[in-house]
Amino acid sequence: MKILIVDDSKTMRMIIMRTLRKTNLGDHTVVQAGDGREALQVIASESPDVVVSDWNMPEMTGLQLLQQLRGEDNQVHFGFITSESTLSMREQAAEAGACFFVTKPFTPESLEASLSPVLV
Amino acid sequence: MTIQETTPAEMWLGALIDATSDTSNIFLELGDLHVTRRSDCIPEFTNAGFVSLVGDCSSIQVGICASNDACREMAAKFLDMDGDDPQLTREEIVDAFGELANIVAGAVKQQVSEQGEMMLLGLPLVVAGKPRLSDGQHVVSAECMMGHIPLALLIITNTE
């Protein structure tokens with residue numbers, strides 16, 4: 001399984017990678033991107049199974065990234081990990097086709113609970 | 001001056017202490033946060049990370065202050081590096097400190113929202129130097145130990 005982590009913070013990318021290692025999600029490889037635009041390139045070259053994205057990023061936000069992917073009929077599993085979590089954000093994410101929405105700080109258990117249904 | 005947890009600012013400070021303690025446990029594995037002193041002064045630290053929470057009824061600044069060494073240690077913990085690793089850059093330290101401020105401010109917002117106050121979360125801002133209050137601003141702060149790392153948490157409100 002290949003997981004793409006999209007976040008403009010290197011710190012948060014490291015935290016997500018470390019947390020993923022503590023889950024029981026099985027073997028996985030991680031690829032990274034620093035914003036939505038870079039993520040499009042990585043998705044094209046790496047074909048990840050899951051995309052885990054921040055919401056607010058420079059160049060292209062996580063929501064714009066998801067909308068562009070679905071507009072191109074790319075149905076890769078996609079979810080958000082973000083500091084802010086409003087009902088409006090969750091509704092926009094679900095409407096755009098997101099599979100999960102995780103709020104920081106998250107634990108290995110909460111991350112696994114969000115990711116495991118889409119990896120079945 | 002010692003203060004009691006009675007005003008909205010002190011309630012927000014309590015939420016900030018809880019959020020930082022959670023982050024210390026979950027992401028830094030440094031255990032619970034220990035508050036050593038509460039006051040209504042800006043603490044004496046050399047770096048500060050701030051995030052604004054803006055609501056219809058009130059706006060606040062959520063802040064974390066720490067020394068250069070403390071910021072470096074926290075960044076190293078976040079990035080799985082040694083604190084004295086020469087490859088740890090200033091940019092990475094600023095990123096880590098800003099992300100810490102972002103995480104705890106998001107958690108404070110969540111707690112405050114659960115009590116009915118809707119607020120928007122700003123972007124993190126990291127500054128070097130001791131912050132100063134503008135006219136009409138008020139601060140409540142808590143000096144803490146995150147494991148062996150000293151830091152201070154603060155809430156800045158407008159007195160109007």
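**Exercise 1. Find how β2(B) and strand β4 (residues 119–121) of chain B pair, and over how many bridges.**

Solution. Step 1: take the elements from the secondary structure; helices (H or I, at least four residues) and strands (E, at least two) are DSSP runs, numbered from the N terminus. Step 2: apply the pairing rule, by which two strands pair if DSSP finds at least two bridges between them. Step 3: β2(B) and β4(B) pair in the antiparallel sense over three bridges. Step 4: one residue pair to look at is G55(B), whose bridge partner in β4(B) is M119(B).

The model is predicted: local features need pLDDT of at least 70, side-chain atom pairs count only at pLDDT 80 or more, and totals for chains, interfaces and linings use all residues. Residues are numbered from 1 along each chain as its sequence is written, while chains are lettered from A and ligands numbered from 1 in the order in which they are written.

**Exercise 2. Describe the pairing of β2 (residues 47–55) of chain B with β3 (residues 59–66) of chain B, and then its pairing with β5 (residues 125–128) of chain B.**

Solution. Step 1: β2(B) and β3(B) are antiparallel, with eight bridges. Step 2: the link between β2(B) and β3(B) is a hairpin of three residues. Step 3: S52(B) has Q61(B) as its bridge partner in β3(B). Step 4: with β5(B), β2(B) again pairs in the antiparallel sense, over four bridges; here A48(B) stands opposite V127(B).

**Exercise 3. Classify the packing of α1(B) against α3(B) by angle and hand.**

Solution. Step 1: the angle is about 130° and the axes are 8 Å apart. Axes are lines fitted to C-alpha atoms, for helices over the stretch in contact, and angles run from 0 to 180 degrees between N-to-C directions. Step 2: α1(B) is therefore oblique to α3(B), given that angles under 35 degrees count as roughly parallel, over 145 as roughly antiparallel, 65 to 115 as roughly perpendicular and the rest as oblique. Step 3: the crossing is right-handed (the near helix is turned clockwise from the far one by less than a right angle). Step 4: the contact includes W12(B) and L16(B) of α1(B) and L100(B) and I103(B) of α3(B); residues are in contact if their C-beta atoms, placed from the backbone, lie within 7 Å. Step 5: by class, ten residues of this contact are nonpolar, three polar and one charged. Ala, Val, Leu, Ile, Met, Phe, Trp, Tyr, Cys and Pro count as nonpolar, Asp, Glu, Lys and Arg as charged, and the others, Gly among them, as polar.

**Exercise 4. Count the residues in the contact between the chains and find which helix of chain B gives the most.**

Solution. Step 1: chain B contributes 18 residues and chain A 14 residues. Step 2: α1 (8–28) and α3 (90–114) of chain B each supply at least two residues of the side of chain B that touches chain A. Step 3: α3(B) gives the most to that side, with ten residues. Step 4: the side of chain B holds eight nonpolar, four polar and six charged residues.

**Exercise 5. Give the strand order of the sheet in chain A and the helices that pack on it.**

Solution. Step 1: the open sheet of five strands runs β2-β1-β3-β4-β5 with parallel pairing. Step 2: its edge strands are β2 (29–33) and β5 (100–103) of chain A. Step 3: α3 (residues 62–71) of chain A lies across β1, β3 and β4 of chain A, at about 175° to β4(A). Step 4: α5 (residues 108–115) of chain A touches β3, β4 and β5 of chain A and makes about 170° with β5(A).

How values were computed:
Contact = placed C-beta atoms within 7 Å.
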